[in-house]
Amino acid sequence: MENINNDLELMQTIFKPNRALSKQSRIKNICEYEDLCLDAEEDYEAYWGNLAREKISWIEPFKQVLDESKAPFYQWFVGGKLNVCYQCVDRHIQKRKNKVAIIFEGEMGDYKVYTYRRLYREVNQTANLLKNRFGIKKGDRVIIYMPMIPESAIMMLACARIGAIHSVVFGGFSPEALRDRINDTQAKLVITADGAFRRGRPYMLKPAVDKALEDNQCPSVEKVLIVIRNNEPIEYIRGRDYVYNEIVTLESSQCEPEPMDAEDPLFLLYTSGSTGKPKGVQHSSAGYILWAQMTMEWVFDVKESDNYWCTADIGWITGHTYIVYGPLAIGATTIMYEGTPTYPNHSRWWEMIEEYRVNQFYTSPTAIRMLHADAPDEPDNYDLSSLRILGTVGEPIDPSAWKWFYEKIGRGKCSVVDTWWQTETGGHMISPLPGATPMKPGCATLPLPGIQAEILDEEGNKKDVGEPGLLCITKPWPSMIRGVWGNPQRYAEGYFSQVKSKDGKPIYFSGDAAFYDERGYITIIGRTDDVINVSGHRIGTAEVESAIAKHKDIAESAIVSTLDPITGESLFAFVVTTPNTSCDLKQHMSLLPELNALIREEIGPIAKINNILYVPGLPKTRSGKIMRRLLRNIARGEPIKQDTSTLENPNIVKEIIAIAQGKNA
Ligand code: WTA
């Protein structure tokens, strides 16, 4: 109870930005923030056009800022030509040749430093390798299934240089998940590593690629390029597999950057939606890089001499925008760490902040909660005084975790930026600005200048203070998703059909619910759809249900989310077994380990059921839709408020509640 009261009190508390920090920030106070918002409101196209002209090194200038004629298929900076790799690497060579671009630290303590000059050379050689050896051309898709090593960033940049569209697949995904993504993109080349290190041990990636490709299950793939990282033995297939480290040095370090159209896709990144298989979110070149850059400047306020560290994995959008593209586009020093925060112990991150004099530290609420719970006073043993800005992303942060982060890590002097955004938005949408916005624990606060975020109902009416509603973006923005790869309908219907527009212009619905406070601050509640956020990872219930449907004893299942003190949410399964189920569930072992093994195989270790309930049936509407909200209430032990009398099988609810209570008793 005391905790809840503390949280409630904290949620009402406003923390002013540190004055010294405000003075040196790009946006110094809330009036400057409001001025920028007004600029955008007065002339939206001029606002974005000016930023794009100023920030991007164009090969050819654009002719039109925004083309809405085929909305929601928007085009930004029409007619402009650029190269994102040039923007991230070449243009720094004059001024920042010997500046450090990437600091890499391996989990075992090894490290590597790339200056911009070294990065330039290796990216050029890699680009030549992809072009000359593997015949990769503009528009070809390349899968990058890699660990957290600098070569991953080099591969992404090399693709951008020659106009190939990369799709990074998180190294924790299973061979099946990898195969789906390869086949959806029709990639010609898969880039991987032998493996890497995690929790002090080698783990392997190449065998997963072999498994994904076996029996010609990915016919589009011609070659596999392997970076040697942990030197564990792997199998090679002659004529298909090549070792990067052996052949890249033979290539020239000059490769002309391909002039790309502003709207040419830069990358695809797969993410879970509410139905079906993960979708390939397509991002553009110019709009994406512009916003990556602006948010690095405004939200992280990175200065020339700063050391910036984001702990995400490059397999997620946060790694794309805030480890690779954003920091390099502004010529910053970005830190990349291979492993886990707890190896060899809970002070690894604090030790690294001290050692590298980190100025911005960007991480997830789950990691904060875990380090807070396991070793709350450990940060006291380190000099963390270099820190100015702390960031969180991916899930709501509870006020007590926020407070620990602010006080223990930031020593009460740093700004905490709780950044709300999505794979689809490309970059931050709602966040405090470090020197300007008074902070409120657990609250993402205000939309960034130029971003028209609003909380609406389904009819498009704005919600009042305190009322939960649908979090929407009502005007297109440069870094927005451009499409779902190979499925334009899923893009148009999936994002623009839920909320009615007053003026006929499509409204983007994020899938999240949120509410305003009296200041107009936005607090994110969470997803309204069938996506579950576990440790900041999006997991589609449909994917998990279809994985466990492969078990012979499962007739039907519904996965819902329940709350977890560390991971935020976790998976709760309601399962109906087949009549002739081979094991008697009351007396024998639970099916849980077998189901989790199936999920691991189909998706990967990031998805795991924590709770299971065997039920005789699932509550459904007359049209056959499972009432997930109701099941979620039961899983969380919440009262049921919905009317259940119109269900296909109203009695089932009582039965399920009785089973749930029996289990908890
Ligand atoms: C959630 C991650 C609360 C949200 C960048 C969103 C957040 C989903 C926050 C996107 C935040 C992200 N507070 N919830 N600051 N940031 N989310 O695509 O539900 O992996 O829709 O992108 O994470 O997850 P994604």
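## Ligand shell

Helices (H or I, at least four residues) and strands (E, at least two) are DSSP runs, numbered from the N terminus.

## Basis of the model

The model is predicted; local features need pLDDT of at least 70, side-chain atom pairs count only at pLDDT 80 or more, and totals for chains, interfaces and linings use all residues. Residues are numbered from 1 along each chain as its sequence is written, and side-chain values use heavy atoms, with hydrogens and water left out.

Which side chains make polar contacts (pairs of N or O atoms within 3.5 Å) with the ligand? Q422 is one of them: an N or O atom of its side chain is 2.9 Å from a ligand oxygen. The side chain of D512 also places an N or O atom 2.9 Å from an oxygen of the ligand. For R527, a polar side-chain atom lies 2.8 Å from a ligand oxygen.

On its own, the ligand has 530 Å² of accessible area (Shrake-Rupley method, 1.4 Å probe), and the protein covers 95% of that.

## Cavities

A cavity is a set of points, on a 1 Å grid over the protein atoms alone, where a 1.4 Å probe fits but cannot get out; lining residues have an atom within 4 Å of a point. Grid points are joined across faces, edges and corners, and a volume is the space filled by probe spheres set on the points. The whole structure holds three cavities of 30 Å³ or more.

Strand β27 (residues 537-540) gives the largest share, three residues. This lining divides into six nonpolar, two polar and three charged residues.

The second largest cavity has a volume of about 40 Å³. Among its lining residues are V84, C159, A160, M260, P265 and L266. Helix α8 (150-162) and strand β14 (265-271) are the elements that give two or more residues to this lining. Seven lining residues are nonpolar, two are polar and none is charged.

Note on methods:
A polar contact is a pair of N or O atoms within 3.5 Å; within protein, one must be able to donate a hydrogen and the other to accept it, and residues adjacent in sequence count only if both atoms are side-chain atoms. On a 1 Å grid over the protein atoms alone, a cavity is a set of points where a 1.4 Å probe fits but cannot get out, and a pocket is an open set with protein on both sides within 12 Å along at least five of seven lines; lining residues have an atom within 4 Å of a point. Ala, Val, Leu, Ile, Met, Phe, Trp, Tyr, Cys and Pro count as nonpolar, Asp, Glu, Lys and Arg as charged, and the others, Gly among them, as polar.
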